[in-house]
Amino acid sequence: MLGNLHSAPHERVIVGYNGQDDAAVIRLDDGRLLVQTVDFFTPVVDDPYLFGQIAAANSLSDIYAMGAKPLFALNIVAFPVNDLPKSMLTTILQGGTDKAREAGIPIVGGHSVDDKEPKYGLVVTGEVEPKRLVTNTGAQPGDLLVLTKPLGTGIIATAIKRDIASENAVQVAVDSMTTLNKLAADVMTEVEVHAATDVTGFGLLGHLLELCRTSHVSAAVDFSALVFLPDVLELAKEGVIPGGTRRNLTFVQAHTQFEPEITLLQELLICDAQTSGGLLLALPPDSAKIFLEKFNNRSKFPAVIVGKIIEP
């Protein structure tokens, strides 16, 4: 149905509604590029402060994925004002404010509605020099695919809802989801990056499919190179699979050739719907080597090469 929705072209729009990038890009009068995105969702953890931090980090990722620098943000809030204490909302907003401060930006306002279920996120505005803009359209055969965070937050979040997640699994997953992709974005400016996206709700294969489609290439992923959060494999074997992960697999199956040794469980793992996941970068081999050296010397979660771009 959404395919019937048409938007009018505009001379200032560099990246807009008709693309599949992470954020919109508008050209200002002086030639600079304004980058803007919005994202919000329901709680993935029980702690309201951590939920605020995770939601803010997730919203900022779309700016970082395009090589841009965030400038400021607005809150987007839905909250059941008659069912939950307002102090909980304050705690959620404090988490977002503190994470935005870590990113070096202020939150300058926002909008709220009364809703049956809490939801929180940010509208983030950033800027980027035209020569530094990174989209998901430029991947080239021979590029290596680098992923900057482990996978499995969707499965861990589902385990949290079912109250079966171990304390260690929750701690590491929260640590990953609250970690900004700022370092990856900073290192991106020091190397040649042909294309990038963040890995969130569509899962690794879903976002990679978008990158391949818009770049007119294909990709080969090495499952053995993927890194997962603690307990993810065990939980998946127990059937702890989010509905979004199953929908992701259904979506990508028509466009993916799985080798015979890849099991259905592994197919689901690589399609797990992520929250505040890492960046997926397509870089020339030399740049990939430099990126890994610079990033992994400073990051608590090491980036890994998970595959390569090939001819379509």
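Me: In which crossing does α6 pass α8, left-handed or right-handed?

Reply: In this predicted model, α6 passes α8 in a left-handed crossing. The contact is made by Gly203, Leu205, Gly206, Leu209 and Arg213 of α6, together with Asn248, Phe251 and Val252 of α8, and by class it has four nonpolar, three polar and one charged residues. As for the geometry, the axes of α6 (residues 203-215) and α8 (residues 243-253) come within 8 Å and cross at roughly 35°.

Me: Why do residues a few places apart in a helix point the same way?

Reply: An α-helix has 3.6 residues a turn, so residues three or four places apart point the same way. In α6, the residues that touch α8 include Leu205 and Leu209.

Me: Why is α1 described as largely enclosed by the rest of the structure?

Reply: A residue counts as buried when its relative accessible area is under 20%, and because 15 of the 18 residues of α1 are buried, this helix is largely enclosed by the rest of the structure. Helix α1 covers residues 48-65 and reaches 26 Å from its first C-alpha to its last, close to the 26 Å expected. At its start, a side-chain oxygen of Asp47 reaches to within 2.8 Å of the backbone nitrogen of Tyr49, while just after α1, Gly67 takes a positive phi of about 75°.

Me: Where is Gln266 found, and what does its side chain reach?

Reply: Gln266 is found in helix α9, residues 264-270, and at 21% relative accessibility it counts as partly exposed. Its side chain reaches the backbone nitrogen of Thr263 at 3.0 Å, and, leaving aside neighbours within four places in sequence, Gln266 is in contact with Phe223 and Glu261.

Terms used. Residues are numbered from 1 along each chain as its sequence is written. This is a predicted model: local features need pLDDT of at least 70, side-chain atom pairs count only at pLDDT 80 or more; totals for chains, interfaces and linings use all residues. Side-chain values use heavy atoms; hydrogens and water are left out. Helices (H or I, at least four residues) and strands (E, at least two) are DSSP runs, numbered from the N terminus. The expected span of a helix is 1.5 Å times one less than its number of residues. Buried means under 20% relative accessible area, exposed over 50%, partly exposed in between (1.4 Å probe, protein chains only). A polar contact is a pair of N or O atoms within 3.5 Å; within protein, one must be able to donate a hydrogen and the other to accept it, and residues adjacent in sequence count only if both atoms are side-chain atoms. Axes are lines fitted to C-alpha atoms, for helices over the stretch in contact, and angles run from 0 to 180 degrees between N-to-C directions. A crossing is left-handed if the near helix is turned anticlockwise from the far one by less than a right angle, and right-handed if clockwise. Contact means heavy atoms within 4.5 Å. Ala, Val, Leu, Ile, Met, Phe, Trp, Tyr, Cys and Pro count as nonpolar, Asp, Glu, Lys and Arg as charged, and the others, Gly among them, as polar.
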